Structures are given as structure tokens and as C-alpha cells.
Amino acid sequence: MIALWIVLAVVLYAAHSFLLSRLYEKADLPVSSAWIPLYNLWTFFRLAGLSGWWAVVAVIPIVNIVAYVAAIVAAYVIGVRLDRNPYWTVLFGVCPLAWLIMAGLGRSEWRAEVPENGEARDLRIRLAVREVVSGNAMISVLAVVLAIVVGGALIAATDESVQQAAGYFFSRPLDTVQAIWDSVAGAYTALFQGSVYNFRRDSFADGIKPLTDTLMFATPLIVAGLGVGLTFRVGMFNIGGRGQMLIAAAAAGWVSFTFDLPMYIHLPLAVLAGVVGGAVWAGIVGVLKARTGAHEVIVTIMLNYVAFYLIQWMLRTPGLLQAPGSNNPKTPPMSDTAIFPAMFGAKYSLHWGFVLTIAATALVWWLLSRSSLGFQFRAVGENPSAARVAGINVKMMYVYAMLISGGLVGLAGVSQVLGTVKTGFSDGIDAGIGFDAITVALLGRSKPWGIFGAGILFGAFKAGGFSMQAAEGIPIDIVLVVQSMIVLFIAAPPLIRAIFRLPNPARTLALAQSLSAAQAATVAQTKQEVA
């Protein structure tokens, strides 16, 4: 856990250092922007080495928030309009809040429990650094980086200008290098501008629209990934996301276009119908596994086909899902009282389903980390036989896990019909999200907040892939290749460690044992001195 806090601290510190430097530049203050991130990172590790990691999360947020306030005052005094600059929302909103949250939640992780001598302190710092560079978080980050590099190689290899320049490589090699750079940089720039911020737009409101598209695409990916990741923690493999999404979409859509109710009743009822539909469809798998021992992978795959053909039949049957007076296999539009409202107006595609996704992520985190049911889930996932000996009803854990997982995946189907495709849906409403959720759960290491970040990353791939195809003519299949390479590298941590020469986890464990021995010796010495 300490490694996670170090990674978060470094990322946040580098981010707000960069933004603070931009503030000085915009305000024309007599401070060089180049040294600020370097100085701040040096201060970060200096405090960590001299005063312990807790000093970092306790002192630095306070100091920097004071610096922000002083910078705001200085900027207004000299006449800089902060409200028109796109950096200020992140600078004065997200960074201080993130620091304070991390300081509060990380206190128990950073505080030293026993007095330490010099040897124990050095071992603790070395162990922390090793945990950062060899932990799961770093493996995931490097897997994404390596996949992007492989994607860049494929972009260059398929680019016509690169192929033409390669024809006379030995006479003018720099032309080939320049063509490779132009193709790869152009593709990933288009990907960024289509998923995060488009600098070509005249206003900040227009430029930030790609980010809202990313979050919209990420919404169903996150909740579906939470459902898949939860079953991973219980030692199961829910590959039936497609069927659960289809059943949930059918249930939520039917409630939406059939009834005429006030919004405060209609929308929650439609959401509940979808969640229950997904939970029931996945619960069938849990019951079969608990009662008969049927393997969940086979059952979920079969139920995907059952759900698909069942929805096809319902879409072609008048009075069920087919729109009245139409021969097309498509539902009527969703009722205005049973759709997620837009968060920032009709101009943006992001809806309030994203807020529901954040709440679901927090709920799953609490369930797995703070509840007795989550403890039983994790115990069954680690060793079902030992859990059974300890008195845990393993069969019921399988049923509960599939019910909750199906409800979460069903929420992804609800998000599709009530937030993204509101004009009526067909049998392709799942859009492959049920299978993409497996990748998201793997990249997030089955941790709720890791899945949340992975879902946003894959949402960016989806949003930016279309922009990359339109602006640079790059096939959108390249994005699929990058996603596939991420899965490949995530599944092979030794390969990542070999490529980037990361420390061996066995040596990290040995260092942790040495630290424990050093701390025990310190405690014994302290007791002896007191006596």
C-alpha cells in the first residue's frame, strides 16, 4: 500500500508543480518555470528521507495550498484573469483536494509504528523505492507504455509516407526518421486531442469536449469492469458481460418507454430494473456453480448466446421490445423522464450516469476492503478449501458474487440505453463492452480504483480512436491492437521486468524481512534502554 501512496504523491506533485509553473508564466512573475518541478520533486524526496514519508503528505499540501492562495492574490493584483484559463480548474480544484484526501487516507500507511535507527530508516526507504518500481501499479503503467510503443511501430510500418521514405533510406536516412516521427506523433496527437483536450478549438468550453466524451465512453466500461473484477477477487471468471448487459438493457429500456411516470420515480425504477435484470441473469451462473459445480466460464458463454437470441426475438415481436408500427428490430425511443440528464448541457455527451459510476466504485471499494462480506469474498478467492474450513459458506459466496457482479455489469447496460443510445436500441447495444470489461479489470488489477483509472484510459482510446482515424487516416484497429498488447503485457509481468530491468520481487521480499528484523532489534534495544 505504501508503494501506491508514493506513486500517487509523485504524480500529483509533478502535476501541480507544472501547473504552478504555468501560473507564474501567465502572470509574468519573475520566477523561472523550468526549475519549479525539479525543485519540488527534490523537496519531496528530501522530506521523505529526512523526516519520513508522513512529513510529505502532512507538510507539502499545506505549504502548496498557501502558495496557491498567494499566487491567486498576486495574479489578481497584476491583472491576470484566472477564470479564462483552462489550467485553473485543475490547479485550484483537483490538486489541493487530492492532496488533502491523500493526506487523510494515507496517514496510517505513512506513519512509522516503531522508533527507527539509521539502518532501519535506510532499509525502509530502499524497500519503498523497490515496491514502487516492482509493484503491480508500475507493471500496469509500463505495460501501457510498452503497448503504446508497439502501436507506434505499427502506425509507422503501415504509413505510406514512411514506406516511401524507407525506399531510399540508405541515401537519405533522416527522411525516414522524420516520416516515422510525423506519422506516430500525428497519430497520438490526434488521439490526445480527440480524448482529452483539443487545442485547436477557440474556447476552453469547446476544447474540453473530448474529455467529456472520454468519460462518457468510460462510464459503462468502469461499472462492467467492477463486476468482472469482483468475480476475479472471488476466484471466478465472469465472461458473460454481454448477456448480462443485453438483459439489463432490455429491462431498463422496457420500463423506460412503457410507463409514463414522474422523473423522480421513473428514472430510479428503470435503473433498478436493469440492475436486477443483470443480477438475475448472472445469478443463474452462481446457482449452477454452487449446486452442480458447473464451470462459470462455460455457463456464461452459453448464456451470452441465449441472451442475444432472446433479445433478437423480443426485438422482432410486436408488444415486447419492437417499436409499434415498425418492422425494424429496434425499440422505441426512451422516455424523457427515464434518461440520465446531461451533466453540462446538451452540448456535451457526458451524463449523470458517470456520477453513479463513481458511487458504484466507492461502494465496491468499501465492500471489498471494509465489509465482512468482502473479507469472505477475498478469503474464498485466495483458498476456497481454507475458507470452507474457517466456516465460510463457499457456495453462497459464489452466488452472492455473481449476483453483485451481474448487477454491476447490468448497470453498464443501463448506462447505454438511458445515457448513450436514447433513441432506441438494437441487439448490438452492448458494443463489445462486456468483453472490454475483462481487459479493464485486468489492467486495474481487480482493484476498484485501479479499474476506475483503467476504464478512463480505455474510454480515451475509444474517444480518441475515431479522431485519430478521421484526422490522420489511421485505422481504428490500431487502438484494438494497443488494447490487446496491454492485456498481453499485463499477463506477463516477468517480460515487463526483463525489458525494463525492474527489481526481482523475491529480493524485495528479502529486503522487507530485513526491515522487520531491523525494527525488531530497534524495539528490543529501546526496551533495554528503558529498563
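This is a predicted model: local features need pLDDT of at least 70, side-chain atom pairs count only at pLDDT 80 or more; totals for chains, interfaces and linings use all residues.
Biologist: How many salt bridges does the model contain?

Modeller: The count comes to 6 salt bridges.

Biologist: Why is the contact between Asp430 and Arg242 called a salt bridge?

Modeller: The N to O separation of their side chains is 3.6 Å. The cut-off is 4 Å between a side-chain nitrogen of Lys or Arg and a carboxyl oxygen of Asp or Glu, so the pair qualifies.

Biologist: What does this pair tie together?

Modeller: Asp430 belongs to the loop between α18 (394-420) and α19 (433-443), while Arg242 belongs to helix α12 (residues 241-258); the pair therefore ties together parts that are 188 residues apart in sequence.

Biologist: Why is Asp430 called buried?

Modeller: Its relative accessible area is 5%. Buried means under 20%, so Asp430 is buried.

Biologist: What makes Arg242 partly exposed?

Modeller: Arg242 has 24% relative accessibility. This value lies between the limits of 20% and 50%, so Arg242 counts as partly exposed.

Biologist: How do you know that Lys462 and Asp436 form a salt bridge?

Modeller: Their side chains meet at 3.3 Å, N to O, and the limit is 4 Å, so the term applies. Lys462 lies in helix α20 (residues 448-472) and Asp436 in helix α19, so this bridge ties together parts that are 26 residues apart in sequence.

Biologist: Are Lys462 and Asp436 buried or partly exposed?

Modeller: Asp436, at 19%, is buried, because buried means under 20%. Lys462, at 22%, is partly exposed.

Terms used: Residues are numbered from 1 along each chain as its sequence is written. Side-chain values use heavy atoms; hydrogens and water are left out. Helices (H or I, at least four residues) and strands (E, at least two) are DSSP runs, numbered from the N terminus. Buried means under 20% relative accessible area, exposed over 50%, partly exposed in between (1.4 Å probe, protein chains only).
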